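This report describes a protein model through its aromatic core, its helices and its surface. Please look at the sequence and the structure before reading on.

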Amino acid sequence: MNVELVEGLKDLKTGALLNLLAVLLIFFSMGMMFATFGFTPMREIEPEEILGMMAIFGVFALLFLLAIILSLASFVMYFKATGHLKNYDEKYGIGRKGMILEIVGVVLMLTSFIPIIATGMRLEEAHYAVSGVVIAAFLLIFAGAIALIVGAILFGVMLMRLEEVERDFKVAGILYFVGMALSFFTGIIGVLIGIATTVLIYISAKSALRRLSIA
């Protein structure tokens with residue numbers, strides 16, 4: 001039983017679990033907000049209600065922050081997994097390249113806000129710079145999206161290659177980059193596919209670890 005393979009599968013399993021917890025927290029916090037304010041008719045807010053609303057917003061913000069932390073931890077575990085799997089067999093190194101591209105993609109998309117903010121801080125010149133800012137932001141978003149999709153494809157290919165360890169990884173790999181691509185066009189469908197993919201990664205890694213421990 002190869003240690004690198006086992007550690008890689010453990011990290012995949014842990015990463016998937018953390019990701020699922022993050023998603024559950026997001027859905028729970030949004031459900032809490034909707035249940036509290038979604039059916040509240042538009043009316044004047046009484047002074048004594050403000051404190052309660054602030055408390056609910058505070059809980060929502062705390063849960064959302066925790067979800068972000070769990071998502072980042074999940075990404076770190078996936079990244080660690082690709083390192084172990086690459087050490088086990090070089091053909092799995094494609095997964096690490098995919099994760100790096102996904103990081104680049106996120107950075108590029110976040111960077112797209114910089115020219116907009118910079119222009120906003122110089123309002124007197126904004127009308128001269130609007131077109132350039134829009135083009136720059138669009139190019140950064142486009143480049144980031146391409147990097148994310150290509151990264152997702154590479155990570156998905158790594159998962160598909162893991163079918164040699166556990167056959168369900170192949171389906172997880174296909175769903176991984178399909179979900180990433182669809183999230184840019186049909187958000188909710190992409191999210192649902194992403195959840196299904198995460199569940200499948202968790203189940204596949206757990207099954208593979210169980211089988212390896214018996215072998």
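Tyr78 is buried, and Phe155 is buried as well, where buried means under 20% relative accessible area, exposed over 50%, and partly exposed in between (1.4 Å probe, protein chains only). The model is predicted, so that local features need pLDDT of at least 70 and side-chain atom pairs count only at pLDDT 80 or more, while totals for chains, interfaces and linings use all residues. Residues are numbered from 1 along each chain as its sequence is written, and side-chain values use heavy atoms, with hydrogens and water left out.

The structure holds five aromatic pairs, a term for rings of Phe, Tyr and Trp (its six-membered ring) whose centres lie within 6.5 Å, with planes under 30 degrees apart counted as stacked, over 60 as edge-to-face and the rest as tilted. Two of these pairs are set out here.

| Pair | Centre distance | Plane angle | Class |
|---|---|---|---|
| Tyr78 and Phe155 | 5.6 Å | 45° | tilted |
| Phe155 and Tyr176 | 4.8 Å | 50° | tilted |

Phe155 lies in helix H5 and Tyr176 in helix H6 (residues 168-182), so this pair ties together parts that are 21 residues apart in sequence. Ring pairs link Tyr78, Phe155 and Tyr176 into a cluster. Phe155 has a relative accessible area of 0%, and Tyr176, with 16%, is buried too.

Tyr176 is also among the residues touched by Thr197, together with Ala172 and Leu175, when residues up to four places away in sequence are not counted; contact here means heavy atoms within 4.5 Å. Thr197 sits in helix H7 (residues 187-214) and counts as buried because its relative accessibility is 2%. A polar atom of the Thr197 side chain lies 2.8 Å from the backbone oxygen of Ile193.

On the surface, Ile135, Phe138, Leu139, Phe142, Ile146 and Val150 form a nonpolar patch with about 590 Å² of accessible area together. Of these residues, Ile146 is found in helix H5 (residues 126-161) and, at 41% relative accessibility, counts as partly exposed.

Taken as a whole, the protein has seven helices and zero strands, which are DSSP runs (H or I, at least four residues, for helices; E, at least two, for strands) numbered from the N terminus. Buried residues make up 32% of its 215 residues, and residues 24 or more positions apart account for 75% of the contacts with a separation of 6 or more.

Methods. Patch = residues over 30% accessible without salt bridge, like charges linked within 9 Å, V, L, I, M, F, W, Y side chains within 5 Å. Areas by Shrake-Rupley, 256 points an atom, 1.4 Å probe, with all protein chains shown as cover. Salt bridge = Lys/Arg side-chain N within 4 Å of Asp/Glu carboxyl O. Polar contact = N/O pair within 3.5 Å; in protein donor to acceptor, adjacent residues only side chain to side chain.
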